[in-house]
Amino acid sequence: MPTDLDALVATYEDLHRHPELGRQEHRTSGIVAEQLRALGYDVTAGVGGTGVVGVLERGQGSTVLLRADMDALPVLEDTGLAYASTATATNAADETVPVMHACGHDIHTTCLLGAAAELAGDEGWQGRLLLVFQPDEEGGGGAQAMVDDGLFERFGTPDVVLGQHVAPVPVGVLGVRAGPAFAASDALRITLYGSGGHGSRPEATIDPIVMGAGLVQRLQTVVSREVAATDTVVVTVGSFHAGSAPNVIPDSAVLGLSVRTADERVRAKVLATIERMIRAEAVAVGATREPEIEALTSFPPVVNDEAACERVREAFGAAARWVVVDPGPVTGSEDVGILAEAAGAPCAYWLLGGADPALFAGATSVEQIRDLVADLPSNHSPRYAPLAGPTLESGVAALVTAARSWLS
């Protein structure tokens, strides 16, 4: 490929070594803007906070939006890589936290930079490229922030929104699914109020830790007892904070929930069920103050357009370098659908294989691949590490191939 793979790997390793939390991607966006300008793109930084938009026009034709997210996660890296992150940052709660690209957004950003170089050097297409480097996907607000900052009013409305997400499936595999492809996401913060006191006299208190522990157990029944087995639902309690001393019962406990659903009707039912359980738990222990339920982030499922997916499938197939599969519904979430919905444009968003193919030797079916994937570190794991060079080469080619199918 004309793109310098060694240079891409160097960029990737640099981004991986220096991750930044959502809305803090100042260094990353600076690197992106500098590289795009060097390639001849019209570049605007600071869109939606730390987002970057690059535009390249080549006469009449379709406007193709290619999107990558740039933010990292508050995770302590445990990959053992020579370029592993040791970075820390201050989060929204003013806490110092470790930071890692545990979801592969450094892969996404680097692949789009590589595609930008490839397309800039190719005179054989006509149309308009709209490259969107988005902040804060993990917080769920980055896409909306760019839309609210006039993304489409300022840079034009695309005819299609394209992108990809790296996953622990073999390099050389692309997962394309039409319809609801990635789940809706709702993040909740629940504050339970009790009445604190001495650890030796629990009878004189209303213990919010016991209340929270009961709620954690009760929430496990949302999926097993409240929705049909055919519905796609995940309810995860990702954080539980209460107290600071072993002999003191605190006044409150705070839980963080992540809820994933694929259907709007099911989503509404699940959120209502969770609220009912929270309030019932407070009543059960005699809490004298109502719990607080705060919606931190909420964004819809990614619904891939059938015709757009068929076009990228055909383009990927014609390239004869990938195995293209239907991965089934993905319970992970993405806010790229907000861009497509706001633009009124079809979306095609696919999975990019990023794992060493040698780990899948002998697997001949999607089911066997899934079994092997279950044994690998997944996105958001402190041990998640895509196979850099081959993944970048595949990801750049996939973006270019998909974009070219719209650029006459």
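Student: What makes the contact between Asp 122 and Arg 404 a salt bridge?

Tutor: In this predicted model, the closest N and O atoms of Asp 122 and Arg 404 are 2.5 Å apart. The cut-off is 4 Å between a side-chain nitrogen of Lys or Arg and a carboxyl oxygen of Asp or Glu, so the term applies to this pair.

Student: Which parts of the chain does the pair link?

Tutor: Asp 122 belongs to the loop between helix H3 (105-120) and strand E6 (127-134), while Arg 404 belongs to helix H12 (residues 388-404). The two residues are 282 residues apart, and the pair links distant parts of the chain.

Student: Are Asp 122 and Arg 404 buried, partly exposed or exposed?

Tutor: Buried requires under 20% relative accessible area and exposed requires over 50%. Asp 122 has 23% and therefore counts as partly exposed. Arg 404, at 31%, is likewise partly exposed.

Student: How do you know that Glu 294 and Arg 189 form a salt bridge?

Tutor: Their side chains meet with an N to O distance of 3.2 Å, which is within the 4 Å limit, so the pair qualifies. Glu 294 is in strand E14 (residues 292-299) and Arg 189 in strand E9 (residues 179-193), 105 residues apart. Glu 294 has a relative accessible area of 29% and Arg 189 one of 34%; each is partly exposed.

Student: Which residues are joined into one network, and what makes it a network?

Tutor: Arg 67, Asp 69, Glu 334 and Asp 335 are joined, by salt bridges that share partners. Over the structure, the count by this rule comes to 21 salt bridges.

Student: What is the phi of Asp 94, and why is Asp 94 called exposed?

Tutor: The phi of Asp 94 is near 65°, again a positive value in a residue other than glycine. Its relative accessible area is 65%, which is over 50%, so the residue is exposed. Asp 94 is placed in the loop between strand E4 (88-90) and strand E5 (96-98).

Student: Why is strand E2 described as largely enclosed?

Tutor: Of the 8 residues of E2 (residues 51-58), 7 are buried, so the rest of the structure largely encloses the strand.

Student: How do you know that E2 pairs with E1 and with E6?

Tutor: Pairing requires at least two bridges. E1 (residues 42-47) and E2 are joined by 5 bridges and run antiparallel; E2 and E6 are joined by 7 and also run antiparallel. Both counts meet the requirement, so both pairings hold. Asp 42 stands opposite Val 55 in E2, and Val 53 stands opposite Val 132 in E6. The hairpin of E1 and E2 has 3 residues between the strands, and in this hairpin Gly 48 takes a positive phi near 65°.

Student: How many cavities are found, and what lines the largest cavity?

Tutor: The search of the whole structure finds 1 cavity of 30 Å³ or more, and the largest cavity holds about 40 Å³ of space. Its lining includes Arg 177, Phe 182, Asn 304 and Trp 350. By class, the lining has 7 nonpolar, 3 polar and 1 charged residues. E9 and strand E18 (347-355) each supply at least two lining residues, with the largest share, 3 residues, coming from E18.

Student: What makes up the lining of the second largest pocket, by class?

Tutor: The lining of the second largest pocket has 12 nonpolar, 1 polar and 2 charged residues. Among its 15 lining residues, Ala 355, Asp 356, Leu 359, Ala 385 and Pro 386 lie nearest the centre. The volume of this pocket is about 200 Å³.

Note on methods. Residues numbered from 1 in each chain as written. Predicted model: local features only at pLDDT ≥ 70, side-chain atom pairs only at ≥ 80, totals over all residues. Heavy atoms only, no water. 1 Å grid on protein atoms, 1.4 Å probe; cavity = no way out; pocket = protein on both sides within 12 Å on 5 of 7 lines; lining within 4 Å. Points joined across faces, edges and corners; volume = space filled by probe spheres on them. Nonpolar A, V, L, I, M, F, W, Y, C, P; charged D, E, K, R; others polar. Helix = DSSP H or I, 4+ residues; strand = E, 2+ residues; numbered from the N terminus. Buried < 20%, exposed > 50% of the residue type's maximum accessible area, 1.4 Å probe, protein only.
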